[in-house]
Amino acid sequence: RNFAGYIDRSATNRRLVRDILKRGDCYFRTGDLLRTDEEGFVYFVDRLGDTFRYKGENVSTAEVASVIGAAADGHIEQALVYGVKVPHVDGSVGMAALVLAKGAPELHMRSFFAELH
């Protein structure tokens, strides 16, 4: 099936990349990384950019970082969230690297995690 683009033509044009493999070619950049096998079948591998897939759902790293920051009550200066592969899990699971705020009281990770959960 042919994808003609979004209703907003400028949104469609922002997703087009041209002249990648040869002059005049055009591809629609979806943010998905795919692979093909020797028989030509196409498989989803991962999301590119600021999302990862967990159990078939796209997860926004920015949204997760925002939730962590809101729940941290001033304890965390910055949260960097990314997806990591774990054996026997569909997709990736979220991991966060945290920069603790200077002068903030000690952050008790067990209770913090319980608040996020």
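**Entry 1: Ala 104**

I looked up Ala 104 and found it partly exposed, at a relative accessible area of 26%. The cut-offs I use are under 20% relative accessible area for buried, over 50% for exposed, and partly exposed in between, with a 1.4 Å probe and protein chains only. The model is predicted, so I note that local features need pLDDT of at least 70 and side-chain atom pairs count only at pLDDT 80 or more, while totals for chains, interfaces and linings use all residues. Residues are numbered from 1 along each chain as its sequence is written, and side-chain values use heavy atoms, with hydrogens and water left out.

Ala 104 sits in the loop between S8 and H3. Helices (H or I, at least four residues) and strands (E, at least two) are DSSP runs, numbered from the N terminus. Leaving aside neighbours within four places in sequence, Ala 104 is in contact (heavy atoms within 4.5 Å) with Gly 74 and His 75. I also checked Ala 104 against Glu 38: C-alpha to C-alpha they are 55 Å apart in space, and 66 residues apart in sequence.

**Entry 2**

Strands S5 (residues 51–54) and S6 (residues 57–60) run antiparallel and are joined by four bridges. Two strands pair if DSSP finds at least two bridges between them. Tyr 54 stands opposite Glu 57 in S6. Two residues lie between the strands of this hairpin, and Lys 55 takes a positive phi near 50° there.

**Entry 2: helix H2**

Which residues of helix H2 (residues 61–71) are buried? I find Thr 61, Ala 65, Ile 68 and Ala 71. They cover an arc of only 130° around the axis, so they lie on the same side of H2; the arc is that of the directions from the helix axis to the C-beta atoms. On the other side of H2, Glu 63 and Ala 70 are exposed. The cover over the buried residues includes S5, S6, strand S7 (76–85), strand S8 (92–100) and helix H3 (109–116).

I took Thr 61 separately: its relative accessible area is 13%, hence buried. Apart from neighbours within four places in sequence, Thr 61 is in contact with Asp 50, Thr 51, Phe 52, Val 81 and Tyr 82.

Asp 73 is not a glycine, yet has a positive phi of about 50°. At 66% relative accessibility, Asp 73 is exposed.

Asp 19 has phi near 55°, also a positive value in a residue other than glycine. Asp 19 lies in the loop between strand S1 (16–18) and strand S2 (26–28) and is partly exposed at 44%.

**Entry 3: pockets**

I used a 1 Å grid over the protein atoms alone; a pocket is an open set of points where a 1.4 Å probe fits, with protein on both sides within 12 Å along at least five of seven lines, and lining residues have an atom within 4 Å of a point. Grid points are joined across faces, edges and corners, and a volume is the space filled by probe spheres set on the points.

The largest pocket holds about 430 Å³. Its lining has 16 residues, with Val 64, Ile 68, Gly 94, Phe 113 and Leu 116 nearest the centre. H2, S8 and H3 each give two or more residues to this lining. It divides into 13 nonpolar, two polar and one charged. Ala, Val, Leu, Ile, Met, Phe, Trp, Tyr, Cys and Pro count as nonpolar, Asp, Glu, Lys and Arg as charged, and the others, Gly among them, as polar.

The second largest pocket has a volume of about 160 Å³. Val 17, Ile 20, Leu 21, Tyr 27, Phe 28, Arg 29 and Thr 30 line the second largest pocket.
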